[in-house]
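Start with how its aromatic rings pair, then move on to the ligand, the backbone and one of the pockets.

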Amino acid sequence: MYENPRLILDSSNPPEPGQITWRSPSNLAIIKYWGKYGQQLPRNPSLSLTLAASCTDMMLDYTFKEEGDSHDLDLTFAFHQEPNEAFHAKILAFLNTLTPFFPFLKQLNLNIQTGNSFPHSAGIASSASSMSALALCLCSLEDLLFGSLQDPAEFDRKASYIARLGSGSACRSIFPYAAVWGETSLVPGTSDTYAVPLEDHIHDLFKDFHDDILIVSTAEKSVSSRAGHALMDGNPYSEARYAQARSRFATLLDAMRAGDLATFGKIAEDEALTLHALMMSSNPSYMLMRPESIAIIDKVRQYRADTGHPVYFSLDAGPNIHLLYPGEIIHEVRAFIEDHLKEHCEDGYVQQDWVGEGPEEI
Ligand code: DP6
């Protein structure tokens, strides 16, 4: 769809060297994307909140290649100012798949320096923030060199499309506050190939909303997302799951429009537990929650019953708990975390985060 063989630089009029930097956040899915096919296409629409504090900064430098330089992609790379062979190889392989979209990349010497705002070993997934940051850098570069992405909506759409090819969930990080990825008649303009912004369809309370991440374990994930998605193909519950996701999506959308926190919270929790139940019922089966995850979940439910405060939990494909709540009860909830939940976290580590305005060019 976005392949464009005309995006080739004129060697008789080479561009000056330049630099582009983007900061892009992670996101938390409320309706989960779990199960995919083809080139990173989702089995059901997903809906996420865009975070603010958990983000990737990426700086892309480029110079035009001299005559006689190689025609291969040329990339130097550093992660937190250090060489990182594994990340370098992953990004280079991904960029090679993107040359039909950005053929001019082969005409440049590229240098990427990147880093995350959260410790690499924190157990917080970084593929959404890093792949969206990369997609944004590439789209900015295209626009700088060719002026071809002047329309902001078109820029975002292409960035989301490219981010999706790097990691499905990354396509949702492009937009402020909340995003939907996956075709649904309930939100105009949706597609399986890119996400769309949900800002105009949600109650204002979701724009002042918190997601404190309780780090139960910083251990490497025991199953990669890629492998996890693949397990859905043989899962006996998969078709029922995709239908359930669609039905919950419709309910969630109404709740988010109306500012109905109780329904929002119930769906967020049900989705997180369903994701883990799907992993437990896969073959092989995975148990990604730890005893501390369950202890926190029990305490959150009890706290809600005792205080009536709208505090809910979510999880990604790992043991860490995301605590979701509106800004107006931040003092109460932070005290609850401090007094009762921190003790379940590895080294007492909590990554405070909140719903944010999306990526920024810096
Ligand atoms: C549980 O986007 O990491 O976080 O497309 O293979 O890169 P790939 O998977 P990824 O899967 C995310 C799964 C999830 C749910 C979600 O974010 O929707």
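Two rings of Phe, Tyr or Trp (for Trp, the six-membered ring) are counted as a pair if their centres lie within 6.5 Å, and a pair with planes over 60 degrees apart is called edge-to-face. The model shown here is a predicted one. A search through the whole of it gives 11 aromatic pairs. One of them joins Y33 and W181, with 4.5 Å from centre to centre and 65° between the planes, which makes the pair edge-to-face. Y33 sits in the loop between β1 (18-31) and β2 (36-37), while W181 belongs to strand β7 (residues 178-181), so this pair ties together parts that are 148 residues apart in sequence.

The ligand is surrounded by 17 residues, and the closest are Y33, S167, G168, S169 and R172. In the side chain of Y33, an N or O atom lies 2.6 Å from an oxygen atom of the ligand. The side chain of S169 likewise has an N or O atom 2.7 Å from a ligand oxygen. For K36, a polar side-chain atom is 2.8 Å from an oxygen atom of the ligand. Taken alone, the ligand would expose 450 Å², and the protein buries 93% of that area.

The shell around the ligand can also be described by its makeup. Its residues divide into five nonpolar, seven polar and five charged. Helix α4 (residues 225-231) supplies the largest share of this shell, with three residues.

Next comes the backbone. Most residues other than glycine have a negative phi, and most peptide bonds are trans. Q40 is not a glycine, yet its phi is positive, at about 55°. This residue lies in the loop between β2 and β3 (41-42). Elsewhere, the peptide bond that joins N283 and P284 is cis, with an omega of about 5°. P284 is placed in the loop between α6 (261-280) and α7 (291-307).

The last topic is empty space. Rolling a probe the size of a water molecule over the atoms shows where such space is left. The second largest pocket holds about 270 Å³. Which residues line the second largest pocket? They are S11, S12, F64, K65, E66, E67, G68, D69, S70, H71, K106 and Q107. Sorted by class, this lining has one nonpolar, six polar and five charged residues.

Methods. Residues are numbered from 1 along each chain as its sequence is written. This is a predicted model: local features need pLDDT of at least 70, side-chain atom pairs count only at pLDDT 80 or more; totals for chains, interfaces and linings use all residues. Side-chain values use heavy atoms; hydrogens and water are left out. On a 1 Å grid over the protein atoms alone, a cavity is a set of points where a 1.4 Å probe fits but cannot get out, and a pocket is an open set with protein on both sides within 12 Å along at least five of seven lines; lining residues have an atom within 4 Å of a point. Grid points are joined across faces, edges and corners, and a volume is the space filled by probe spheres set on the points. Ala, Val, Leu, Ile, Met, Phe, Trp, Tyr, Cys and Pro count as nonpolar, Asp, Glu, Lys and Arg as charged, and the others, Gly among them, as polar. A residue is near a molecule or strand if one of its heavy atoms lies within 4 Å of it. A polar contact is a pair of N or O atoms within 3.5 Å; within protein, one must be able to donate a hydrogen and the other to accept it, and residues adjacent in sequence count only if both atoms are side-chain atoms. Accessible areas come from the Shrake-Rupley method with a 1.4 Å probe; for residues, only the protein chains shown count as cover. Helices (H or I, at least four residues) and strands (E, at least two) are DSSP runs, numbered from the N terminus. Rings of Phe, Tyr and Trp (its six-membered ring) pair if their centres lie within 6.5 Å; planes under 30 degrees apart count as stacked, over 60 as edge-to-face and the rest as tilted.
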